[in-house]
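Trainee: Could you take me slowly through one part of this model, the metal site and the stretch of chain around it? I would like a single connected account that I can follow with the structure open.

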Amino acid sequence: MKSRKLTSSPVVTGQCLCGAVQFEMEYPAFWAWHDHSRASRLAHGAVYATYVGTWRKRFRITAGEREINRFQEKETGAVRSFCRRCGTPLIYERTRSRHMINIPRALFQSRTGRQPIYHIAIEEMQDWAHAGEPLVPLKGYPGVFCRRSKKKRRIEARLSASIRSRCS
Ligand SMILES: [Zn+2]
């Protein structure tokens, strides 16, 4: 068996919004995924959370350990850690995989070695999530984009439905 020093692996770093908590993870991550579950949606205050998963031993808090608070979910026993100064979600530990931890992808300053190609709880995906629909600039508001009008989308939906019925 090969022996390997922990410090020999390249690391990627990340932090919370206020910067009090800093961490590093050995590169590359094990996997990355989008989580559409209600619990992650609420914990992040966002339509879904994107996580990078790695082995616990490949992750280290390098500053601000004392600023980390933990919250345990009653139903699942999962533990979510967050910065008590700025509220940034930091670590998500699921009971079914105790040797792995999950860190919000957004907290890393560089690439993590894994693209989030997996989706969890996709059946809970919200209908207000942006799913790559075409966007157009909003007149009079530079930098603001919006979905095309409902009327145009309805026409497109009707067209594609009639195409589907013709093809089936
Ligand atoms: Zn913070």
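Mentor: Donors are N, O and S atoms within 2.8 Å of the metal, and water is not among the atoms, so sites may look incomplete. With that in mind, and remembering that this is a predicted model, the zinc ion is coordinated by the SG atoms of C16, C18, C83 and C86, at 2.3 to 2.4 Å. Along the chain these donors follow the spacing C-x1-C-x64-C-x2-C, and the angles among the four donor atoms run from 105 to 112°, which makes the site of the zinc ion tetrahedral. For reference, the ideal angle for four tetrahedral donors is 109.5 degrees.

Turning to the chain around the site, C16 lies in the loop between β1 and β2. Strand β1 spans residues 11-15 and pairs with β2, residues 22-26, in the antiparallel sense over five bridges, with E26 of β2 as the bridge partner of V11. The hairpin has six residues between its strands, and G19 there adopts a positive phi near 90°. On β1 itself, V12 and G14 form the covered face, whereas V11, T13 and Q15 form the uncovered one.

Beyond its neighbours within four places in sequence, C16 is in contact with V21, C83, C86, T88 and L90. Finally, the C-alpha atoms of C16 and L107 are separated by 6.4 Å, although the two residues are 91 residues apart along the chain.

How values were computed: Residues numbered from 1 in each chain as written. Predicted model: local features only at pLDDT ≥ 70, side-chain atom pairs only at ≥ 80, totals over all residues. Heavy atoms only, no water. Buried < 20%, exposed > 50% of the residue type's maximum accessible area, 1.4 Å probe, protein only. Helix = DSSP H or I, 4+ residues; strand = E, 2+ residues; numbered from the N terminus. Pairing = 2+ DSSP bridges. Contact = heavy atoms within 4.5 Å. Donors = N, O, S within 2.8 Å, 3.2 Å for Na, K, Ca; no water. Tetrahedral: all angles 85-135°; square planar, octahedral: opposite > 155°, others 65-115°.
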